Each structure stands twice: as structure tokens, then as C-alpha cells.
Amino acid sequence: MSQVIARTRRRPLARLLLTLGALGAVSPLTPAAALAPPPARDGDLPADHLTVTVRHAGDGRDGTFRLYCHPGSGDHPDVAGACTALDRGSRWGRETFAPVPEGSICTMQYGGPATAHVTGVWAGRPVDATYSRDNGCEIARWDRMVPLLPDLHPQGRP
């Protein structure tokens, strides 16, 4: 009989603990979880955010940089300049990161081995663009993105 009474008395407490645990109110992780910030979601990032990876540019210019605009932040070497250049180059109906159009006639000059890959979101559109300096058209395309991409002219802009 005492076993039946003991089980009956424990059941309400067990039910309460199970209910609170299911609601997340009682858990061994609750104290730590309450201190941790919520995980970042794409909606939490500024609308305009890019990751820029530069290779073979030399002089400490290589690396992967994050850029956030509106408001500006990130570890890019020139956040304000890069955001300004992107805003200046953005036009309604024109793709900011468009490749050189097929069939373009380009000078046969070589601007060096530098490459860049830009991914993220700009003006609400996904970005996945690759840059090189293989010919005059690609060099001009790269130069339009300075300072998002490093300025590779020996004495600055020509």
C-alpha cells in the first residue's frame, strides 16, 4: 500500500517536470542557452553583404574579406570606399556584377594573375561573380570594382 501512495504522490511532480521540460522551461541546457545569442540567420544580416576572396594580387592584398553595406561594417580593408563604389555602380535594370558580354572585342593585354570571387547579396539579388585580369575588358571590369577589389595599378589609378 505504501508503494501505491508513493507512486501517486510522485506522479504530479513527474508530470509537471515533463510538461515544463517539453516547454523548454526546465532543462540542463537552459542557463547556458539563455546566455548564448540566437544563431545568425540571413534575415539578420544587412541586406547588402558580400564575401570577397582575392588571390594572386600580391603585396598583402590576398585574402577573404566580408563586407556589409547599409550600414557599413565588416573586415574589408576599405568598407566605406567599397560600399560607395558599389552604390555608384548600381543602376536600375543593369546587373552590377555582370560578366563581360560574349562577343566583346577586348585588347590583348594581360593585367596579371590576380583573381577574385565575390558572393553574397547586393540590392536584394544573389551575387556569384568571378573576376580576372586576362584581357582589356576584364581589367576594365576589375577596375570598375575598385576599392571592392584591390587597385592593382603600380601608381594607383591610371
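**Salt bridges and surface charge in the predicted model**

Glu 95 takes part in a salt bridge with Arg 125, in which the closest N and O atoms are 3.1 Å apart. Arg 125 belongs to strand β5 (residues 125-131), whereas Glu 95 sits in the loop between α3 and β4, so the pair ties together parts that are 30 residues apart in sequence. Arg 125 is likewise partly exposed, because its relative accessible area is 49%.

The overall make-up of the chain gives the setting for this pair. The chain contains 4 helices and 5 strands. Read from the N terminus, the order of these elements is α-α-β-β-β-α-β-β-α. The chain has 158 residues, of which 28% count as buried. Its accessible surface comes to about 10,900 Å², and carbon and sulfur atoms contribute 59% of that area. Among the contacts with a separation of 6 or more, 49% are between residues 24 or more positions apart.

The structure holds 4 salt bridges. Side chains of opposite charge can pair when their charged atoms come close. Besides the pair described above, one of the salt bridges joins Asp 143 to Arg 133, with 3.3 Å between the closest N and O atoms. Asp 143 lies in helix α4 and Arg 133 in the loop between β5 and α4, so this pair ties together parts that are 10 residues apart in sequence. Arg 133 has a relative accessibility of 3% and so counts as buried. Asp 143 is also buried, because its relative accessible area is 12%, below the limit of 20%.

A further salt bridge links Glu 138 with Arg 141, the closest N and O atoms being 3.5 Å apart. Both residues lie in helix α4, where a spacing of 3 residues places them about one turn of the helix apart. Glu 138 and Arg 141 are both buried.

Gly 111 touches Arg 133 and Ile 139, when residues up to four places away in sequence are not counted. Gly 111 is found in the loop between α3 (79-89) and β4 (115-122). The C-alpha atom of Gly 111 is separated by 8.3 Å from that of Ser 132, a residue 21 residues apart from Gly 111 along the chain. With a relative accessible area of 27%, Gly 111 is partly exposed, because this value lies between the 20% and 50% limits.

Helix α4 also contributes to a charged region of the surface. A patch of positive charge on the surface is made up of Arg 88, Arg 91, Arg 94 and Arg 144. Arg 144 lies in helix α4, which spans residues 136-144. Its relative accessibility is 55%, so Arg 144 counts as exposed. Asp 143, in contrast, lies in helix α4 but is buried, with a relative accessible area of 12%.

Methods:
Residues are numbered from 1 along each chain as its sequence is written. This is a predicted model: local features need pLDDT of at least 70, side-chain atom pairs count only at pLDDT 80 or more; totals for chains, interfaces and linings use all residues. Side-chain values use heavy atoms; hydrogens and water are left out. Patches are made of residues with over 30% relative accessible area and no salt bridge: like charges are joined within 9 Å, nonpolar side chains (Val, Leu, Ile, Met, Phe, Trp, Tyr) within 5 Å. Accessible areas come from the Shrake-Rupley method with a 1.4 Å probe; for residues, only the protein chains shown count as cover. A salt bridge is a side-chain nitrogen of Lys or Arg within 4 Å of a carboxyl oxygen of Asp or Glu. Lys and Arg count as positive and Asp and Glu as negative; His and the chain ends are not counted. The place of a charge is taken as NZ of Lys, CZ of Arg, CG of Asp or CD of Glu. Helices (H or I, at least four residues) and strands (E, at least two) are DSSP runs, numbered from the N terminus. Buried means under 20% relative accessible area, exposed over 50%, partly exposed in between (1.4 Å probe, protein chains only). Contact means heavy atoms within 4.5 Å.
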